[in-house]
Amino acid sequence: MRQVEIAIVGGGLAGSCAAAMLGRADHEVVLIDPNPVHRPDFRCEKLSPSQIRLLRRIGLESLVLPHATRNSDLWVARFGRLVDRIPVVQYGILYQDLVNAVRAGIPERVPVLAGTVAEVKPSGDRQLVTLRSGEEIEARLVVLASGLNWALRRSLGFTARRLSPAHSTAIGFNIAPLERSRFPFDSLTYYGEKPRDRISYLTLFRLGQGVRANLMVYWNCDDPLLQQFRLDPEATLCRALPGLPALLGPFRIIEPVRVRPVDLYVAENLDQPGLVLIGDAYATSCPAAGTGTEKVLSDVARLCSVHIPRWLATEGMGAAKIAAFYADGRKQAVDRNSEQAAFALKAVTVETGPAWQARRWARFLGRWSKGLLRRALAVAITKLPATHIVRQIGAAQLRK
Ligand SMILES: Cc1cc2nc3c(=O)[nH]c(=O)nc-3n(C[C@H](O)[C@H](O)[C@H](O)COP(=O)(O)OP(=O)(O)OC[C@H]3O[C@@H](n4cnc5c(N)ncnc54)[C@H](O)[C@@H]3O)c2cc1C
């Protein structure tokens, strides 16, 4: 029987990052996932500056960026009008490329087993992990990074508290201009125009040689708009966002169109020895709020650099040790922020009534005045004495 300190179940973003970090810290680790190479999956496709900073902090940024496409400006638009142009650097990357890039950074001495975990028998000291193939592994700690798969967690006694079933839907596709060679921006965020359309925003960004689009909506599976979108995506998009064609010009949507509804839940009954949940296995996030990757990376950073070294330093792996991770103040703050952002974004998108209308207009005017200020500052910078330091300070202000 293989014996290790830590068995990681699931090699998505959370499990792969954890395997890379723990392997680099010389722990005895094994990573188990059904697929030796992560298969195409519609998930996070754009990395924000804060997510890049987190990747850098856990030493994985240099693995990921060579596989990503740099987008160095962001247009923000609504009602067919350009509201702001932000010189912010974001990266487009397909989820499987992100995960496979991280997996390439797992040290060779960490075995990556192609298999599915069928059963875990936990105890306060050693955990027995059994794969469907019958292979057994004994580990002091099992990290469950098994994403949305509930079967294994349920068999271990974890339960789910549903925060918001069918909270939002993410739609992903490629898009291309018809009458010009490229769109005039690297990336664009176009906000929904009317609350009744239940569209949070459409975001376009360069990814590889093409342009990727993520449409974030609050449409249920049986929503007529979703049915119409499946039948005729270009016409439905233009109807729901009438100002969009003025910005984009004629365009076409390139199949396949991927549709993923998302439930918000958080795992409960966590008081278990030898087992810790991270990433989506612990709690899901709303794709529109874009907080999932940050949640995954902060879970991994806190678990691998703070808690696991402490846990391994003493005998046993009882539930009291594991509870320290879920009570971690920094983890809790990131989780709270993710949950609040999911509900706040939905409310400001779909709620009707004068108070919400006023809030929407306040957001729009806030963005618009920020854009005006930024443009004025950009003009002022060109007139400043051209010393390097002055330009740098000006450029930093522009990014805010
Ligand atoms: C449509 C969509 C769009 C999103 N967009 C964004 C975004 O724009 N920005 C953002 O920050 N976040 C976004 N997210 C959230 C983010 O992608 C997720 O939070 C993140 O991918 C979760 O990673 P994970 O490793 O926890 O889970 P997963 O990536 O699901 O990994 C779980 C892994 O566990 C494996 N597994 C499951 N069961 C077993 C078993 N029994 N044995 C062995 N292996 C097993 C699976 O094969 C899988 O590889 C989005 C999510 C979705 C669904």
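Which element gives the most to the shell around the ligand?

A: Helix α9 gives the most to the shell around the ligand, with 3 residues; helices (H or I, at least four residues) and strands (E, at least two) are DSSP runs, numbered from the N terminus. This is a predicted model, in which local features need pLDDT of at least 70 and side-chain atom pairs count only at pLDDT 80 or more, while totals for chains, interfaces and linings use all residues. Residues are numbered from 1 along each chain as its sequence is written, and side-chain values use heavy atoms, with hydrogens and water left out.

At least two shell residues each come from α1 (13–24), β2 (29–33) and α9 (292–313). In total, 34 residues surround the ligand, where a residue is near if one of its heavy atoms lies within 4 Å. The closest are Asp-33, Tyr-95, Asn-149, Asp-280 and Thr-293. By class, the shell has 14 nonpolar, 16 polar and 4 charged residues; Ala, Val, Leu, Ile, Met, Phe, Trp, Tyr, Cys and Pro count as nonpolar, Asp, Glu, Lys and Arg as charged, and the others, Gly among them, as polar.

In the side chain of Tyr-95, an N or O atom is 2.5 Å from an oxygen atom of the ligand. Polar backbone atoms take part too: one of Leu-13 is 3.1 Å from a ligand oxygen atom, and one of Ala-145 is 3.5 Å from a ligand oxygen atom. The protein covers 92% of the 1,000 Å² of accessible area (Shrake-Rupley method, 1.4 Å probe) that the ligand has on its own.

Technical notes:
Polar contact = N/O pair within 3.5 Å; in protein donor to acceptor, adjacent residues only side chain to side chain.
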